[in-house]
Amino acid sequence: VFAWPTARVTIVGAESAAADAEMILLAVDALGAVGVSDLTVDLTIPPLVPALLDAAAIDEGPRVALREALDHKDSAAVAANGGAAADILRTLVEAAGPADHCFAVLGGLDLPGAAALERDRVGEVLECLRDAAPTLTITLDPVENRGFEYHSGVSFTLFPAASRGELGAGGRYQAAGVGESEPATGFSLYLDTVLRVLPEPE
């Protein structure tokens with residue numbers, strides 16, 4: 001689906017980690033085809049923090065302050081509001097960065113059931129990306145949620161290496177349908193930003 005100033009691609013009904021990775025690679029390939037080749041893909045896991053807070057029985061009041069602390073990467077506020085999940089959440093905040101390092105940190109944590117499944121899923125996506133595009137620059141921020149509030153699984157943002165601004169974003173969500181919602185994954189490219197970073201035509 002194309003609508004200025006975004007270009008949007010969605011697959012409904014795809015539930016696998018391979019489908020998540022395919023969306024990321026399609027976005028990277030599309031940008032590369034028009035001349036934007038030096039990219040960073042920043043992965044995030046929006047359901048991870050809610051799963052941890054549910055397991056730790058954190059009340060709604062502290063969750064609001066905790067969400068703000070996580071968004072600002074404020075470790076002291078995370079410690080003050082995180083209750084039984086504080087230590088794990090602080091570790092996640094500090095782990096954000098290169099994807100392989102961050103995932104190694106995630107792998108060393110004893111996460112409760114639903115959170116462990118989210119961790120495993122991003123690991124599968126990362127493995128697919130490494131197999132298909134071994135030179136792609138990938139970062140991972142396990143607590144980032146701004147802009148991904150409705151996402152239900154691995155999500156991502158595309159950044160140009162040479163300038164500021166987001167080129168696009170996407171990820172897994174539940175697509176509204178007739179009756180029940182369906183699993184979907186997709187992305188949007190921000191064409192105004194894409195046009196700003198394109199090389200001059202020869």
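Is Thr157 buried or exposed? Thr157 is buried, with a relative accessible area of 5%. Please keep in mind throughout that this is a predicted model.

Thr157 belongs to strand β6, which covers residues 151-160.

Ser188 sits in strand β8, residues 182-190. Ser188 counts as buried because its relative accessibility is 11%, below the 20% cut-off for that class. Its side chain makes a polar contact of 3.0 Å with the side chain of Arg8.

Val9 is found in strand β2, residues 6-12. With a relative accessible area of 27%, Val9 is partly exposed. With residues up to four places away in sequence set aside, Val9 touches Met23 and Leu26, as well as Thr185, Gly186 and Phe187. Val9 and Arg196 are separated by 187 residues in sequence, and their C-alpha atoms are 21 Å apart in space.

Now for the helices. Two packed helices are described by the angle between their axes and the distance between the axes. Here is how α2 compares on those terms with two partners.

| Helix pair | Angle between axes | Distance between axes | Crossing |
|---|---|---|---|
| α2 and α5 | about 165 degrees | 10 Å | right-handed |
| α2 and α3 | roughly 145 degrees | within 12 Å | right-handed |

Take the pair with α5 (residues 86-95) to begin with: α2 and α5 pack at about 165 degrees, with axes 10 Å apart. That angle makes α2 roughly antiparallel to α5. Which residues of α2 and α5 meet? On the α2 side they are Leu48, Val49, Leu52 and Leu53, and on the α5 side Ile88, Leu89 and Leu92.

With α3, the axis of α2 crosses at roughly 145 degrees and the two axes come within 12 Å. Val49, Pro50, Leu53 and Asp54 of α2 make this contact with Arg63, Leu66, Arg67 and Leu70 of α3.

Which residues of α2 are buried? They are Leu48, Val49, Ala51, Leu52 and Leu53. What covers these buried residues includes α3 and α5, together with α6 (99-107) and α7 (113-132).

Ala57 comes after α2 and has a positive phi, near 55 degrees. Ala57 lies in the loop between α2 (48-55) and α3 (60-71). Is Ala57 buried or exposed? Ala57 counts as exposed because its relative accessibility is 59%, over the 50% cut-off.

Lys73 has a phi near 55 degrees as well, again a positive value in a residue other than glycine. Lys73 is placed in the loop between α3 and α4 (75-81). At 29% relative accessibility, Lys73 counts as partly exposed.

## The cysteines

If you are wondering about disulfides, how many does the structure hold? The structure holds 0 disulfides. Cys102 is in no disulfide, and the nearest cysteine sulfur, that of Cys128, is 18 Å away.

Cys102 counts as buried, at 0% relative accessibility. Cys128, at 27% relative accessibility, counts as partly exposed.

Methods
Residues are numbered from 1 along each chain as its sequence is written. This is a predicted model: local features need pLDDT of at least 70, side-chain atom pairs count only at pLDDT 80 or more; totals for chains, interfaces and linings use all residues. Side-chain values use heavy atoms; hydrogens and water are left out. A disulfide is a pair of cysteine sulfur atoms within 2.5 Å. Buried means under 20% relative accessible area, exposed over 50%, partly exposed in between (1.4 Å probe, protein chains only). Helices (H or I, at least four residues) and strands (E, at least two) are DSSP runs, numbered from the N terminus. A polar contact is a pair of N or O atoms within 3.5 Å; within protein, one must be able to donate a hydrogen and the other to accept it, and residues adjacent in sequence count only if both atoms are side-chain atoms. Axes are lines fitted to C-alpha atoms, for helices over the stretch in contact, and angles run from 0 to 180 degrees between N-to-C directions. Angles under 35 degrees count as roughly parallel, over 145 as roughly antiparallel, 65 to 115 as roughly perpendicular and the rest as oblique. A crossing is left-handed if the near helix is turned anticlockwise from the far one by less than a right angle, and right-handed if clockwise. Contact means heavy atoms within 4.5 Å.
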